[in-house]
Amino acid sequence: MTQRRGLLIILSSPSGAGKSTLSRRLLEWDESLSFSVSATTRAPREGEIDGKDYHFLTESQFKRDVTEGEMLEHAYVFGNFYGSPKGPVESAISAGRDVLFDIDWQGAQQIQNSDLGKHTLSIFILPPSIPELRRRLEGRGQDSAEVIAKRMQKSWDEISHWAEYDYVLVNDDLDATKTRLKDIISAARLKRIQQPELTDHVRRLQMEFEELK
Ligand code: ADP
Ligand code: 5GP
């Protein structure tokens with residue numbers, strides 16, 4: 001009936017809790033979801049593709065984009081810059097497509113405090129335990145022991161922002177977490193503010209109601 005307005009769906013978690021895995025599952029579930037490909041100054045990990053996983057930029061390219069107002073939000077995380085390019089988000093949202101963000105608490109705060117904040121759904125993913133978080137980081141096999149130690153040290157910084165999110169999920173069983181995420185997104189899509197054409201629909205109902213008199 002109505003054309004929806006797109007949602008900005010933010011997933012945050014300490015590194016290793018599972019948000020990239022969950023993002024991939026969500027994108028498979030609903031092909032109309034688009035993923036906000038972040039820009040970063042960190043080096044690509046093995047298998048990461050420029051333009052798909054991240055836009056890999058030099059520090060000067062990144063800073064130029066920030067200065068020119070091309071980033072919706074940006075932050076310094078684990079010694080590198082990360083940011084969400086604004087253009088693709090604005091076009092997806094105005095076409096009624098939801099955009100998924102895998103970003104940290106600093107980026108989540110910036111988007112929630114922006115003009116787009118009222119169209120934002122924020123979800124924090126917690127690990128079942130800290131030893132399990134370490135096991136997942138080690139099991140991923142993508143980072144050196146030194147990088148893993150740095151990420152573990154920083155994980156409390158991220159977790160300490162859990163209460164700033166609309167929803168908080170403990171990612172114990174992957175399938176169960178994915179199901180909960182799908183339920184949350186399906187409900188958020190039906191929020192009144194996401195359905196601008198409801199106003200016209202109710203006006204039509206009112207006219208039909210008047211005709212009954
Ligand atoms: P993040 O994006 O939050 O850094 P990843 O999605 O890369 O985390 O997940 C880290 C590792 O944990 C990956 O190897 C992934 O397969 C694994 N993982 C994710 N969720 C679960 C889960 N619920 N149970 C067991 N392993 C998981
Ligand atoms: P990784 O290097 O493991 O891909 O990401 C490290 C951290 O940076 C993760 O917590 C991830 O969510 C965050 N991150 C990735 N892209 C962005 C972004 O565009 N903005 C912000 N603020 N954080 C990001």
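**Before I start.** I keep in mind that this is a predicted model.

**Entry 1: the surroundings of ligand 1.** I listed the residues around ligand 1 and got 15 of them. The closest are Gly16, Ser20, Thr21, Arg140 and Asp172. Sorted by class, that shell holds seven polar, five charged and three nonpolar residues.

**Entry 2: polar contacts of ligand 1.** Which atoms of Gly18, Lys19 and Ser20 face an oxygen of ligand 1: backbone or side chain? For Gly18 I found a polar backbone atom, 3.0 Å from a ligand oxygen. Lys19 also uses its backbone, with an N or O atom 2.9 Å from an oxygen of ligand 1. Ser20 uses its side chain, where a polar atom lies 2.4 Å from a ligand oxygen. I then looked up the areas: ligand 1 on its own exposes 570 Å², and the protein buries 78% of that.

**Entry 3: where ligand 1 sits.** I checked the pockets, and ligand 1 sits in the largest one. Next I asked which elements give two or more residues to its shell. They are α1, spanning 19-29, and α5, spanning 130-140. The most comes from α1, which gives three residues.

Entry 4: I count 17 residues around ligand 2, and the ones that come nearest are Ser38, Arg42, Tyr54, Tyr82 and Arg151. The classes in this shell come out as seven charged, six nonpolar and four polar residues. Two strands, β5 (71-77) and β6 (80-85), each supply at least two residues of the shell.

Entry 5: Arg42 has a side-chain N or O atom 2.6 Å from an oxygen of ligand 2. For Arg151 the side-chain N or O atom is 2.7 Å from a ligand oxygen. Ser84 also has a side-chain N or O atom facing an oxygen of ligand 2, at 3.4 Å. How much of the 510 Å² that ligand 2 exposes when taken alone does the protein bury? I read off 96%. As for the pocket, the largest one is the space taken by ligand 2.

**Entry 6: the parallel sheet.** Leaving the ligands, I traced the strands. Five of them make an open sheet with parallel pairing, in the order β2-β7-β1-β8-β9. At the edges stand β2 (34-35) and β9 (167-170), each with a single partner strand, so each has one side without a neighbour in the sheet.

**Entry 7: the mixed sheet.** I found another open sheet, of four strands, ordered β4-β3-β6-β5 and with mixed pairing. Which strands stand at its edges? They are β4 (55-56) and β5; each has a single partner strand, so one side of each is left without a neighbour in the sheet. β3 (residues 39-40) runs parallel to β4, with two bridges between them. Across that pair, I see Thr40 opposite Phe56 in β4.

**Linking back.** I note that β5 and β6, which supply residues to the shell around ligand 2, are also strands of this mixed sheet.

Note on methods. Residues are numbered from 1 along each chain as its sequence is written. Chains are lettered from A and ligands numbered from 1 in the order in which they are written. This is a predicted model: local features need pLDDT of at least 70, side-chain atom pairs count only at pLDDT 80 or more; totals for chains, interfaces and linings use all residues. Side-chain values use heavy atoms; hydrogens and water are left out. A residue is near a molecule or strand if one of its heavy atoms lies within 4 Å of it. A polar contact is a pair of N or O atoms within 3.5 Å; within protein, one must be able to donate a hydrogen and the other to accept it, and residues adjacent in sequence count only if both atoms are side-chain atoms. Accessible areas come from the Shrake-Rupley method with a 1.4 Å probe; for residues, only the protein chains shown count as cover. On a 1 Å grid over the protein atoms alone, a cavity is a set of points where a 1.4 Å probe fits but cannot get out, and a pocket is an open set with protein on both sides within 12 Å along at least five of seven lines; lining residues have an atom within 4 Å of a point. A molecule sits in a cavity or pocket if more than half of its atoms lie within 2 Å of its grid points. Ala, Val, Leu, Ile, Met, Phe, Trp, Tyr, Cys and Pro count as nonpolar, Asp, Glu, Lys and Arg as charged, and the others, Gly among them, as polar. Two strands pair if DSSP finds at least two bridges between them.
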